[in-house]
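I opened this model to look up a few local features. My notes follow, entry by entry.

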Amino acid sequence: MSNFKGLFISKNQVWKEQLSNLLNDDQIELTTVSDWKRTFLEQQHYHYIFVDLETIDDPRKLQVPSTSILIGLTSEHDFEIGRELLVAGAKDLILFPEEEHRLNHLIKELNNQFLFQKEAESGYGTGQVHAFYSAKGGSGKTLLASMVAQSLSIHQQLKVLVIDLNAQFGNIEVLFGSQPFRSYYDLIPVMEEMDIRHIQNIGQYIEEANLTLITGPTDPAKAEQIPDELISRLIRVAKSQYDFVILDLPTSINNLSFTGLNEATHVHYVLTPDSLGLRAYKYAAEMFDRFQIGKNDNLSIIVNRVHSKLELTEKDISKILDREVHGLIHSDFFSIQPTLNMGGAFFKKVKDKGSTKVAKDVKKYSDELIKRTMR
Ligand SMILES: Nc1ncnc2c1ncn2[C@@H]1O[C@H](COP(=O)(O)OP(=O)(O)O)[C@@H](O)[C@H]1O
Ligand SMILES: [Mg+2]
């Protein structure tokens, strides 16, 4: 039985035969058509869409859904049309039939990716994945991600893993007073068969907070070598073993942070109540909308660095954002500083409500989060 559906747009009868035969072993059921019509895609979802570039005059007119993979086939080395196709979102351009082997190889790899995706979607692991994000730097993402992680582990006694997705300058390890010598960069060689033991090998158990921390490489050249797929695998394997996977994201959206946002079951947006913070939120909200991130109730807003002189109330902010605010964290620089410098724990035991205003606010936020997400 075929697992995948493919569509081939070409007027070339010989090619239609050739491609059909070629894909036979790959469990792709191929439908061939001579002209492109948008309605094809409304009736049926295709995993693959192959186009003969001779048939299509303008590749940009092909509006392929992001869940389909577009592959161009051409008989000539025409750079210009190939470039246009790639701009239109194609995965690859194959010189046909010369590069048959390359096509075969590509399809095998992509089929595996589809299968892996399916496995993950059918509930591989039940843990929640919570990403802390803000489009403005210095908002408190790292601080709040680590404090919420501690509260979940100490107060709720959940099994928690923290992953730092800042390629550089993440510094979450400082908050935990740890000096990790391994990072998820070390998972590259085992990416295909990654399992929980690999994750435990590179993670660092933080005794005081009773949680595990995984950091990224500090070397930017190494960070660039990390494939997105490594991050999604890491998160998926992790959530089969941990109750909560907490992601500390950078401000900038790169493929690692974007993958993190996409894998998150819940996004916490950290907003500072100032005009820059509000403006940054607008950008982020547009991006979330475009990529369907934090849909439904899966986006929480935390207003951080609230202080007594602030003229905006929670209500005002809620009105400006046109959405509910889920938590307020006070600004308390001097009292949290000693804990930060020492890399100590913010909460010591179940009954510990925290000794600073910030810690108390975080505990309240985390308690409410559990009520919202674990019902
Ligand atoms: N509510 C707060 N009260 C006091 N200091 C805070 C608060 N939130 C964040 N900070 C401090 O602000 C700085 C930036 O926070 P950080 O978590 O690193 O931001 P981000 O990860 O968003 O760049 C840190 O020194 C942090 O300790
Ligand atoms: Mg940070």
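**Strands 4 and 5**

I began with a strand pair and found Thr 74 opposite Leu 95 in strand 5. The chain runs from strand 4 through helix 3 (residues 79-87) to strand 5, and I noted this β-α-β crossover as right-handed. By that I mean that, with the strands pointing away from the viewer, the path from the first strand over the helix to the second runs clockwise. Strand 4 (residues 69-74) pairs with strand 5 in the parallel sense, over four bridges. Pairing here requires at least two bridges found by DSSP between two strands. Helices (H or I, at least four residues) and strands (E, at least two) are DSSP runs, numbered from the N terminus.

**Ground rules**

This is a predicted model, in which local features need pLDDT of at least 70 and side-chain atom pairs count only at pLDDT 80 or more, while totals for chains, interfaces and linings use all residues. Residues are numbered from 1 along each chain as its sequence is written, and chains are lettered from A and ligands numbered from 1 in the order in which they are written.

Most residues other than glycine have a negative phi, and most peptide bonds are trans. I looked for exceptions.

Phe 96 and Pro 97 are joined by a cis peptide bond, with omega about 0°. Pro 97 sits in the loop between strand 5 (92-95) and helix 4 (100-121).

Gln 292 has a positive phi, near 60°. I placed Gln 292 in the loop between helix 11 (275-291) and strand 12.

Arg 305 has a positive phi too, near 70°. Arg 305 belongs to strand 12.

Arg 305 is buried, because 21 other C-beta atoms lie within 10 Å. The cut-offs are 20 or more for buried, 12 or fewer for exposed and partly exposed in between, with C-beta atoms placed from the backbone.

**Ligand 1**

I counted 17 residues around ligand 1 (C-beta atom, placed from the backbone, within 6 Å). Ser 139, Gly 140, Lys 141, Thr 142 and Leu 143 come nearest. Helix 5 (141-154), strand 12 (299-306) and helix 13 (333-342) each give two or more residues to this shell.

**Domains**

The domain assignment, automatic or from a database, gives domain 1 (4-121) and domain 2 (128-373). Their C-alpha centres lie 39 Å apart.
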